[in-house]
Amino acid sequence: MKRKFKRIWLVLWLNLAAIIALYIALAFYYSEGFPCCCWINGVYCTGKSVETVNKELLAKHGYEGVNVIDAGGAELYISAESVDFNADYTESLNSFIESRNSFLWGYNLFQNLIVKVEPRVSLNEDKLLGFVNDWEIFSDIGSNDVYIEKGDNGYILINGITDVPNKEKIVNTVYHCMLHLEDTADLGATEGCYTEVEATEQQRATIDLFDKVKELQACGITYDIGGELISFGPSVASDWFVTADEVDEYLNQETSSTDPASGLFIIDRAVRTFPSEEEMYTLNGFVCDANGSPILSEKKIYDTLNNIARSHSTKSLIERYRQTHEGSILVKKGSKGDGSLYDVNGEFNYLVDKYVSGDISAEESRPLSYYDSVASYDAATELGDTYIEVNMSEQLLSYYVNGELNMQMPVVTGNINRGRGTPAGLFNVYNKRYHTYLRGTDYVSYVNYWLGVNKGVGIHDATWRTQEEFGGDTFKRNGSHGCINCPLESVEQLWNVAEVGTPVILYY
């Protein structure tokens, strides 16, 4: 029995000795590199060389540059590349390895070793100074003038009296931000970047006006239209102010029951009609009410939304698909001749409510909402590369083969003023007939070529029409019963090449 226990103890001691030996061996191993379970700035380092970890850190924490923001709203972007910016973690990594007690590696098995190190950073100070020297905020120093100017990113304040920028401090601030990999340098929040001197009453009025302008143009809404992002920030919202040269136009603008924006303005978070000449004044080109509040035109806001909606029509979506071979196509279904896709009125009311509530600067991304009657089609799978396109607003039929235009012809579609408009949507040619009669409740018409598209609606010749009738506005006063009327020779060519099953997209 005693011998048995001796053997057990011997085995235990041998195992313990082996474990201790292994632990010591690993301690010596880790003394030359990163310990086990080690994370540095989010990168797992164990077993890797300093060179490898350095490359991974630079890839993970790459630095693009700094956006410098002036207290007046002007911005200057300085890219890292433009000032010969260079970062390297090698020195910090080596220092970390040298400072570690390699015999404590076992502790990391129970708790990961998470470390943060800073890179060694260098940049060309002369190039940095050159960028700052050329900045517009320094162009009017000593001009003893204060005024508001419109730039690419909305209105900015040019202040030659108060808040004079201190170039040396600004360069040092930007340099410090880049050394610490910061992507924003807010000069207005950094002490010493500006020198305060007393302003006159007129200059103070301009500064106060700019504070209001800056708040109103800081619209935080970004619209997502089919993957394209359109920001309504200062570069867009700055166009909505009423300026001094527009006073006569807006004094005579009346409200309208058919135009939700005509004759209405946003003044001090309220929707009002335009003030009388006695109740307003101009300052720095802005029209303000008696209380000094700048005026926003609802008509300008509405027109901005409307122009975006028009530039993203069904036609534009189809053209984009032909270029990219991807994306969805929106079509407003129906036969009333209205091809508008987006609920401009709803979005307009949403924007106005944001201004009235004072919540306009809140960052928000939202889709430009479209009507319930709008259908979305996956172009690649439902339209393909060979199809017939009928733009009923332009009264033009186009036939594409393998993505290339094969033929075009002017047409006459359904009479929208008599409720006989051609229905919009994506269909397919469901049959082809030759020398046939079309019959309705009040007509019988002979046609040579017929391509059925949607129930009783088809593409066919109309020999009873003159050549001058095709295209233009004929469909509004003397259109068809719903079919797509075509010149005889043109539709004959189409009939000969278009097959049953060919997609047909009809839209206004």
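**Notebook: a helix pair and the cysteines**

I looked up helices H2 (residues 50-60) and H3 (residues 90-99): their axes come within 9 Å and cross at roughly 130°. The model is predicted, and I kept to local features at pLDDT of at least 70 and side-chain atom pairs at pLDDT 80 or more, while totals for chains, interfaces and linings use all residues. Residues are numbered from 1 along each chain as its sequence is written, and side-chain values use heavy atoms, without hydrogens and water.

I took helices as DSSP runs of H or I with at least four residues, numbered from the N terminus. Axes are lines fitted to C-alpha atoms over the stretch in contact, with angles from 0 to 180 degrees between N-to-C directions.

I then listed the contact (heavy atoms within 4.5 Å). H2 contributes Val-50, Val-53, Asn-54 and Leu-57, and H3 contributes Thr-90, Leu-93, Asn-94 and Ile-97.

Next I checked for disulfides (cysteine sulfur atoms paired within 2.5 Å), and the count is 0. For Cys-38, the closest cysteine sulfur is that of Cys-45 at 4.8 Å, too far for a bond. Cys-38 is buried (under 20% relative accessible area), because its relative accessibility is 0%. For Cys-177, the closest cysteine sulfur lies in Cys-193, 8.9 Å away, again too far for a bond. I record Cys-177 as buried, with a relative accessible area of 5%.

Conventions. Helices (H or I, at least four residues) and strands (E, at least two) are DSSP runs, numbered from the N terminus. Buried means under 20% relative accessible area, exposed over 50%, partly exposed in between (1.4 Å probe, protein chains only).
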